[in-house]
Amino acid sequence: MVDTVPDDFSPVLGIADAEGLEDAPDGRIELEGLPNTRDIGGIPVADGRYVKHARLLRSGALDGATTRDLAVLADDYDLRTVVDLRTEEERREKPDPEDELMGVRFENAPVLNTSTLGVTREGGIKGALKMLRAVQDNPAQIMMDIYERMVLDEASQRGFASFFDDVLATEEGSVLWHCTIGKDRAGLATMLMLHVLGASRDRIMKDYQATNRYVASRTEDIAKALATYHLADKLDASIHVINSADPRFMQAALDAIEKEFGGLDAYVERAIGVTDEKRAALRERYLTDDPQG
């Protein structure tokens with residue numbers, strides 16, 4: 001029974017395999033304890049330039065980072081700012097390694113809150129079970145609804161606005177933003193950043209789906225954990241759906257933005273305060289003519 005599950009049992013929710021991305025370069029940084037930390041540098045944008053390498057990093061939570069991982073981020077990537085998109089509860093349960101990254105500025109820009117249906121990955125196994133049962137009937141539609149809420153919710157918009165301000169405030173070195181897995185909230189933040197920089201919708205989607213290649217084993221981890229309590233047979237399909245970087249989820253967010261704001265350009269300006277001046281500053285700082293730059 002669920003009531004017998006230990007409160008401190010908390011497997012990390014993972015995501016399923018991607019298809020058609022096996023040979024796609026995606027900027028993954030080879031780290032020991034962080035499977036989904038990626039440099040978005042090298043992505044081409046509309047004016048013929050490219051996103052600079054080693055300046056903009058997306059990731060899952062940093063609590064699993066080894067000493068070597070942190071040294072790579074600090075030394076090889078000159079990490080200056082970490083933007084945490086998680087909720088206060090998540091940050092308290094698994095805090096960032098601030099004491100081990102001296103000189104790095106840590107900022108909080110929470111997207112959504114603890115009541116959001118499972119996307120925050122809070123509450124250990126009991127929270128996971130509650131979320132999985134809620135989405136069991138139509139997990140894909142529930143995730144699409146969550147993505148819509150993440151872009152339309154005013155608190156989330158404030159979080160995305162803070163994210164952009166934190167990136168702009170980092171004049172030197174690199175910025176890393178993360179949620180828990182690096183799929184949903186980090187995926188939306190990356191989508192918005194790449195749009196502002198001028199990347200195509202196709203490139204944005206490919207970057208989003210690349211997450212599927214690096215944390216697929218985590219889906220199996222939670223399935224095995226649920227099997228211990230004789231629950232996997234009922235929840236297996238839901239696990240794989242909600243833990244995928246499914247294009248339908250991102251498209252739901254884009255469709256909601258189109259319906260409410262008329263497009264991404266209007267959204268980033270009106271909802272999250274990215275003015276023409278901020279857009280120009282971001283492009284000046286983070287774009288280059290050199291694809292290797």
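1. Which residues does Leu 85 touch, not counting residues up to four places away in sequence? In this predicted model, the partners of Leu 85 are Ala 109, Pro 110, Val 111, Phe 163, Trp 177, His 178, Cys 179, Arg 185, Ala 186 and Ala 189.

2. Leu 85 belongs to the largest nonpolar core, which has 56 residues, and it is one of the four, with Trp 177, Tyr 267 and Ile 272, that touch the most other members. At least two residues of this core come from each of several elements, including helix H4 (139-152), helix H5 (154-168), strand S6 (174-178) and helix H10 (247-261), while H6 gives the most, with nine residues. A second core, separate and made of 16 residues, includes Ile 29, Leu 62, Leu 73 and Leu 101.

3. The sheet is open and consists of five strands in the order S1-S3-S6-S4-S5, with mixed pairing. Because strand S1 (38-39) and S5 stand at the edges with a single partner strand each, one side of each is left without a neighbour in the sheet. S5 runs parallel to strand S4 (residues 79-84), and four bridges join the two; here Asp 84 stands opposite Asn 108 in S5.

4. Ala 109 lies in the loop between strand S5 (105-108) and helix H3 (124-135), and it counts as buried because its relative accessibility is 1%. Although Ala 109 and Asp 84 are 25 residues apart in sequence, their C-alpha atoms are 5.9 Å apart in space. Leaving aside neighbours within four places in sequence, Ala 109 is in contact with Val 83, Asp 84, Leu 85, Gly 159, Ser 162 and Phe 163.

Definitions and conventions
Residues numbered from 1 in each chain as written. Predicted model: local features only at pLDDT ≥ 70, side-chain atom pairs only at ≥ 80, totals over all residues. Heavy atoms only, no water. Core = buried A, V, L, I, M, F, W, Y, C linked by side-chain atoms within 4.5 Å. Buried < 20%, exposed > 50% of the residue type's maximum accessible area, 1.4 Å probe, protein only. Contact = heavy atoms within 4.5 Å. Pairing = 2+ DSSP bridges.
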